Amino acid sequence: MSETNGKVVCMVTGGSGLYGMAIRAHVDSSAEEKDATWVFLSSKDGDLRDRKATEAIFERVRPTHVIHLAAMVGGLFANMSKKVEFYRENMLMNDNVMECCRIYKVQKLVSCLSTCIFPDKTTYPIDEEMIHNGPPHKSNEGYAYAKRMIDVQNRCYAEEYGCKFTSVVPTNIFGPHDNFSIEDGHVLPGLMHKCLIAKRGGGDFSIWGSGTPLRQFIFSEDLGALIVWVMRNYHSVEPIILSVPEEDEVSIKDAAMAVVSGMKYTGPVKFDTSKSDGQFKKTASNAK
Ligand code: GDP
């Protein structure tokens, strides 16, 4: 990474979440990353929804590089029930972080999008140029439109102020430090939690929906290494998808069966089709 007065300070927002902890694991295990001071923020360091609190963080840390991961995130079911909060909280955080990156002359900002923000009706595989080609799935429109605005703002900041802002688009992620809440979490930690309860005698293991939707899962620590690679080596404002190949896409049923086998659960398994399937698939190309 390029330097200011010999000092590279890379600040990671959302540093205690699934992605942030994955970057931390990568940084801790890689000698190459020791040329920078890494600062991992959590919500305890200040409220990024608040402009003054965000400025106070930038004033204190004086980052030269920022990886912006902090977001209000959740699985399908949280997204469906809190669209206003998903929209507003993410818009506020992203706007504050970007504007502070401009004011504090941050040399590079990498923010995080998601494949679930792409148009619902699209051709496959999805690629980086399709983000704005139609409305997202209704289930997560609050989150999706807020995230899409990052891409719009990145280009606006580049054009008007010459800022080097870009974004990454990971597919579904799993790994240590995930949110294991059954109601609010994503599918793999939710399934693991439910499987544990079933194993302890708490009833049948229930897979929500039909099990037919398809997803590409990336291990969080692989993603952590890739995001740092983007920070160092990817120099375009346009987003870049970070994913396993299309051939590695699996059905929710297969993912659930991997949980069953990994957790050595031998009891009954059922599909609760009263629950939503969400998007059928969002197959993404990692060609770029
Ligand atoms: P998405 O990939 O953005 O849709 O979000 P999720 O990670 O929440 O995955 C949702 C898919 O997994 C849908 O097809 C759900 O019906 C299915 N699913 C099955 N069991 C669960 C569960 O326990 N939790 C969640 N979040 N989704 C589940």
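**Close-up 1. Helices α4 and α5 of this predicted model are roughly parallel to each other.** The axes of α4, which covers residues 83–103, and of α5, which covers residues 141–161, come within 8 Å and cross at roughly 20°, and because angles under 35 degrees count as roughly parallel, the pair is described in that way. The crossing of these two helices is right-handed. On the α4 side the contact is made by K83, F86, Y87, N90, M91, N94, D95, M98, E99 and R102, while α5 contributes residues including Y143, Y145, M149, I150, Y157 and Y161. Sorted by class, the residues of this contact comprise 11 nonpolar, 5 polar and 5 charged.

**Close-up 2. Helix α2 is oblique to α4.** Here α2, formed by residues 51–61, packs against α4 at an angle of about 40°, and the two axes lie 10 Å apart, which makes the arrangement oblique. The crossing of α2 and α4 is right-handed. The residues that make this contact are R51, T54, E55 and F58 from α2, together with N96, V97, E99, C100, C101 and I103 from α4. They divide into 5 nonpolar, 2 polar and 3 charged residues.

Close-up 3. C100 takes part in no disulfide, and the nearest cysteine sulfur, which belongs to C101, is 7.4 Å away, whereas a disulfide requires the two sulfur atoms to be within 2.5 Å.

Terms used
Residues are numbered from 1 along each chain as its sequence is written. This is a predicted model: local features need pLDDT of at least 70, side-chain atom pairs count only at pLDDT 80 or more; totals for chains, interfaces and linings use all residues. Side-chain values use heavy atoms; hydrogens and water are left out. Axes are lines fitted to C-alpha atoms, for helices over the stretch in contact, and angles run from 0 to 180 degrees between N-to-C directions. Helices (H or I, at least four residues) and strands (E, at least two) are DSSP runs, numbered from the N terminus. Angles under 35 degrees count as roughly parallel, over 145 as roughly antiparallel, 65 to 115 as roughly perpendicular and the rest as oblique. A crossing is left-handed if the near helix is turned anticlockwise from the far one by less than a right angle, and right-handed if clockwise. Contact means heavy atoms within 4.5 Å. Ala, Val, Leu, Ile, Met, Phe, Trp, Tyr, Cys and Pro count as nonpolar, Asp, Glu, Lys and Arg as charged, and the others, Gly among them, as polar.
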